[in-house]
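Biologist: I have a model open on my screen and would like to learn how to read it. Could you walk me through a few features?

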Amino acid sequence: MIPRSPFFDKARSWFWPALLLLGNLLVVCGTELAYDEAYYWLFSKNLAWGYFDHPPMAALWVALTAWIPGELGVRLGFVLFTQAAAWLVGRLVPRDQRWEVWAGFSLFPLLAFAGVFAIPDGPLVGFSAVWLWALHRSLKDDSWANALLMGVVSALLLYSKYHGVLYMVATLIALPRLLKRPTLWGAMLLAFLLFIPHIHWQWLHNFATLRYHFIDRPKVPFGLRSPAIFLLTQLFVFGLFLGPFFWAWLWKTKATTEFDRVLKVMAVFIPVFFLFSSLNKKVEANWTVATSLPLLLFLVRERAIPLGKKWVMGLGVAGLVLLFVGRIILVVPPTGEAFERGGELHGWADWAKDVEQKAGPDCPLMANRYQIASKLSFYLQRNVPALNIGTRLNQFEFWDWEAPFKGQNVCWITQIKRFPGLPLPTPDGKNLILVKQYPLDDILLSKDKSL
């Protein structure tokens with residue numbers, strides 16, 4: 001173990017929380033909104049029990065602080081909830097190990113950036129922490145009060161992201177005896193009742209979210225390439241250079257309590273579940289964000305990380321430095337094609353004003369894809385419809401904001417080159433065009449055609 005000293009004990013109690021907070025605020029205040037963040041900001045302006053892509057918690061979380069101007073107002077709730085999640089997870093380990101939890105939040109990329117971007121992963125991490133804390137209480141004391149807590153938190157977890165159900169399944173796999181508890185069934189019933197408004201929304205909208213994720217989501221040819229990419233990603237997405245060793249320590253360390261057994265099963269079950277998804281779906285790095293907390297918590301609680309070894313500390317520091325450099329790159333992206341993705345976070349406020357000026361004051365502005373429509377809506381502070389021609393469906397299908405402009409000419413931003421338009425390159429290198437004063441009805445006639 002690291003040698004103990006009064007100075008170290010005092011410094012680490014504030015250093016690690018400050019490192020996580022300041023690192024996240026650096027990105028929050030130094031970048032503009034990503035596409036999906038602007039999209040979820042629109043959700044927050046149109047609160048509902050569900051949305052095409054996700055349950056509603058991300059929208060609610062944005063709405064809580066959206067009264068603050070700019071990007072900070074969109075992201076602040078996610079920053080603070082991540083800090084609260086780290087603090088709560090720290091309550092589940094001995095006091096002298098709490099700094100390890102905070103360090104893990106800074107070292108695990110999926111945990112660190114859950115406190116930066118206004119996406120569903122933030123509430124998922126936050127309520128995962130609350131859920132694990134509630135489960136720990138319930139395993140120690142099988143009372144109806146704790147069952148009530150579990151029921152409420154389970155519903156909140158599902159309202160954050162459907163991934164939350166994997167926690168529940170993994171818990172029953174690890175401890176099937178819990179099925180004999182009346183309190184478990186009571187908690188499940190309460191969670192179901194609290195989730196009914198979302199189920200009703202899905203019913204009214206033909207179960208759009210489930211159809212998208214399980215049927216319509218972009219697929220890749222069936223084969224081993226995608227699973228291989230997924231497995232390679234999982235080696236390093238948890239702890240970067242230490243990632244492979246974290247998995248090795250997890251494998252060889254035995255759980256000493258029922259709670260730790262649940263954590264270990266969760267850490268294994270969630271990646272295995274998504275491994276099967278990777279057989280025919282495009283791999284997303286954040287699929288396994290829910291794995292981060294049980295993996296980190298298990299390793300810390302079981303003292304499985306040999307912190308006394310210099311090479312462990314060296315790789316940990318190298319990972320922290322790399323993540324800090326990553327934050328700097330997001331704030332001040334280098335030029336060049338290799339860093340075009342950085343353009344998603346810079347230059348959009350000026351670009352939106354330029355688009356507005358080119359379109360003119362009397363031409364209703366519309367976009368084709370939801371990403372561009374969302375960016376314009378945020379930076380112009382007005383609703384810009386997305387027509388979704390030749391692209392995947394999304395929440396704009398339900399809003400139908402273009403309906404009042406039928407029969408009129410509009411200014412349309414699109415990637416479809418067969419329409420006459422002015423070149424309109426985006427800050428992230430997309431070659432779009434601005435189609436000016438074009439009949440909206442003629443554009444909509446193309447919606448069911450292959451373009």
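Modeller: Buried means under 20% relative accessible area, exposed over 50%, and partly exposed in between (1.4 Å probe, protein chains only). Before we go on, this is a predicted model, where local features need pLDDT of at least 70 and side-chain atom pairs count only at pLDDT 80 or more, while totals for chains, interfaces and linings use all residues. Residues are numbered from 1 along each chain as its sequence is written, and side-chain values use heavy atoms, leaving out hydrogens and water.

Biologist: Where is glutamine 381 placed?

Modeller: Glutamine 381 belongs to the loop between H18 and helix H19 (396–399). Helices (H or I, at least four residues) and strands (E, at least two) are DSSP runs, numbered from the N terminus. Glutamine 381 has a positive phi of about 55°, although it is not a glycine.

Biologist: And what is the phi of phenylalanine 207?

Modeller: Phenylalanine 207 is not a glycine, but its phi is positive, about 50°. You will find phenylalanine 207 in the loop between helix H10 (182–204) and helix H11 (208–216). Its relative accessibility is 31%, so phenylalanine 207 counts as partly exposed.

Biologist: How do I read two packed helices?

Modeller: Two packed helices are described by the angle between their axes and the distance between the axes. Axes are lines fitted to C-alpha atoms, for helices over the stretch in contact, and angles run from 0 to 180 degrees between N-to-C directions. Here, helix H17 (residues 348–359) packs with helix H18 (residues 370–380) at an angle of about 90°, their axes 9 Å apart. H17 and H18 are therefore roughly perpendicular to each other; angles under 35 degrees count as roughly parallel, over 145 as roughly antiparallel, 65 to 115 as roughly perpendicular and the rest as oblique.

Biologist: Which residues in H17 and H18 meet?

Modeller: Contact means heavy atoms within 4.5 Å. Among the residues that meet are Trp348, Trp351 and Val355 in H17, and Ile372, Leu376 and Tyr379 in H18.

Biologist: How many residues of H18 are buried?

Modeller: H18 is mostly covered, with 10 of its 11 residues buried. The buried residues include Tyr370, Ala373, Phe378 and Leu380.

Biologist: Which residues are buried in helix H9?

Modeller: In helix H9 (residues 164–174), Gly164, Leu166, Tyr167, Ala170, Thr171 and Ala174 are buried. Looking down the axis of H9, these buried residues fall within an arc of 150°, so they line one face of the helix; the arc is that of the directions from the helix axis to the C-beta atoms. They pack against helices including H7 (121–140) and H14 (258–277).

Biologist: What about the strands?

Modeller: Two strands pair if DSSP finds at least two bridges between them. In this model, 4 strands form an open sheet in the order E1-E2-E4-E3, with mixed pairing. Strand E1 (365–367) and E3 are the edge strands, each pairing on one side only. Strand E2 (residues 409–414) and strand E4 (residues 431–439) pair in the antiparallel sense over 5 bridges, and tryptophan 412 stands opposite valine 435 in E4.

Biologist: Which strands does H18 lie across?

Modeller: H18 lies across E1, E2 and E4, running at about 145° to E1.
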